[in-house]
Structures are given as structure tokens and as C-alpha cells.
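This report goes through the strands of one model and the core they build. Please look at the structure before reading on.

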Amino acid sequence: MGLEATNHTLHHREGWRPTSVVWANLKEGDVTRLEPVAGWTVALVRHGDQPVILSDRCPHAGGSLGRGWVEDGELVCPLHRWRFRLPDGGCSNIPGERVERFNAQVRAGRVWVRLPPDLEAGPLDSTTLPEETDPRP
Ligand code: FES
């Protein structure tokens with residue numbers, strides 16, 4: 001096993017999981033709904049050169065943030081327009097409200113998400129996450 005393969009394995013053990021999303025297919029401000037990643041439906045946003053992944057479920061009335069849009073660096077819920085800051089998931093118009101934010105990164109051209117430790121052992125949906133293969137080009 002080479003060094004890169006070792007790093008790949010360690011990366012996976014730390015809770016990072018690949019999504020099916022190819023980074024190059026996203027344009028600035030694109031919002032995509034992914035379902036489910038270890039039980040979480042999430043919203044992915046291309047924000048500059050960074051992927052941002054928030055829980056899809058709006059805390060107000062369950063609207064799908066993955067069907068929302070980005071305005072001024074905030075993800076807007078399509079139902080009643082609550083706004084969530086991309087850097088921390090905080091709600092900018094209702095103090096104290098927020099959505100879960102997951103660490104995300106681009107690795108070998110795909111978007112990866114880091115799951116909280118208590119979710120790492122959860123089942124993955126093989127219909128939305130590709131077979132675990134080495135994603136290197
Ligand atoms: S459900 Fe999101 S603002 Fe109402």
C-alpha cells in the first residue's frame with residue numbers, strides 16, 4: 001500500500017465520506033440537495049472555492065434548504081425565506097436559530113463531507129454514495 005492509499009484510508013477513518021458530487025460540475029452559488037448521507041439529507045453550496053454543507057431541514061417548518069438559493073453569502077429557505085449564514089449555519093433573521101453545518105472539502109475532484117463521530121457508524125445509502133473506490137484520477 002502506497003503512501004497515498006494509506007492517507008486515503010486514514011481520511012476515511014476520520015469520518016470523511018465522499019459524495020457523488022463532482023466539484024467541477026458546480027457553478028458559483030449552485031445549491032444541491034443530497035440525500036441521504038448517513039441518515040442526513042444535506043444542502044451543498046458552492047461558495048467561492050469552498051464547498052459548504054448544511055443540514056437540508058430548515059428549523060422553522062422543515063423546508064428544504066437544498067431547494068433554496070444563495071443571496072449575499074446566505075442560504076435562503078424557499079418556504080418563508082429564513083436566511084442561514086454559510087460560514088456557521090446561524091440564522092441571520094431569527095437569533096438563536098441555526099442549522100447543522102458539516103465540514104466539507106474537495107478531494108480528487110469530488111466533494112467530501114466529514115460526519116460527526118456518532119454518525120460515522122451509521123448506514124450509508126449506496127444509491128447516492130458511490131462504491132468506496134480510490135477517487136484519485
Ligand atoms: S420552513 Fe424555512 S423559513 Fe419556514
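Two strands are said to pair if DSSP finds at least two bridges between them. The model described here is predicted.

## A sheet of three strands

Strands S5, S6 and S7 form an open sheet, in that order, with antiparallel pairing. S5 (69–71) and S7 (83–85) are the edge strands; each has a single partner strand, so one side of each is left without a neighbour in the sheet. On average, neighbouring strands of this sheet are turned by 35 degrees against each other, direction ignored.

Between S6 (residues 74–76) and S7, the antiparallel pairing runs over three bridges. Glu-74 stands opposite Arg-85 of S7. In general, strands of a sheet pair through backbone hydrogen bonds, in a parallel or an antiparallel way.

Strand S3 covers residues 40–47 and strand S4 covers residues 50–55; six bridges join them in the antiparallel sense. Opposite Val-45 stands Val-52 in S4. The two strands S3 and S4 make a hairpin with two residues between them. Gly-48, in the turn, has a positive phi of about 65 degrees.

S4 also pairs with strand S8 (residues 101–107), again in the antiparallel sense, over two bridges. Here Ile-53 has Phe-102 in S8 as its bridge partner.

## The nonpolar core

Which residues have the most contacts inside the largest nonpolar core? They are Val-42, Ala-43, Leu-44, Ile-53, Leu-54, Leu-65 and Val-113, in a core of 24 residues. At least two residues of this core come from each of S2 (31–37), S3, S4, S8 and S9. S3 gives the largest share, four residues. In soluble globular proteins, nonpolar side chains tend to be buried together.

Leaving out residues up to four places away in sequence, Leu-54 touches Val-42, Ala-43, Leu-65, Leu-75, Phe-84, Gly-89, Val-99, Glu-100 and Arg-101.

## A proline after S9

Pro-116 is found in the segment that follows strand S9 (110–114). Is Pro-116 buried, exposed or partly exposed? A residue is buried with 20 or more other C-beta atoms within 10 Å of its own, and exposed with 12 or fewer. Pro-116 has 13 C-beta neighbours inside 10 Å, so Pro-116 counts as partly exposed.

How far apart are the C-alpha atoms of Pro-116 and Gly-15? They are separated by 7.0 Å, while the two residues are 101 residues apart along the chain.

Notes: Residues are numbered from 1 along each chain as its sequence is written. This is a predicted model: local features need pLDDT of at least 70, side-chain atom pairs count only at pLDDT 80 or more; totals for chains, interfaces and linings use all residues. Axes are lines fitted to C-alpha atoms, for helices over the stretch in contact, and angles run from 0 to 180 degrees between N-to-C directions. A nonpolar core is a set of buried Ala, Val, Leu, Ile, Met, Phe, Trp, Tyr and Cys residues joined through C-beta atoms within 7 Å. Two residues are in contact if their C-beta atoms, placed from the backbone, lie within 7 Å.
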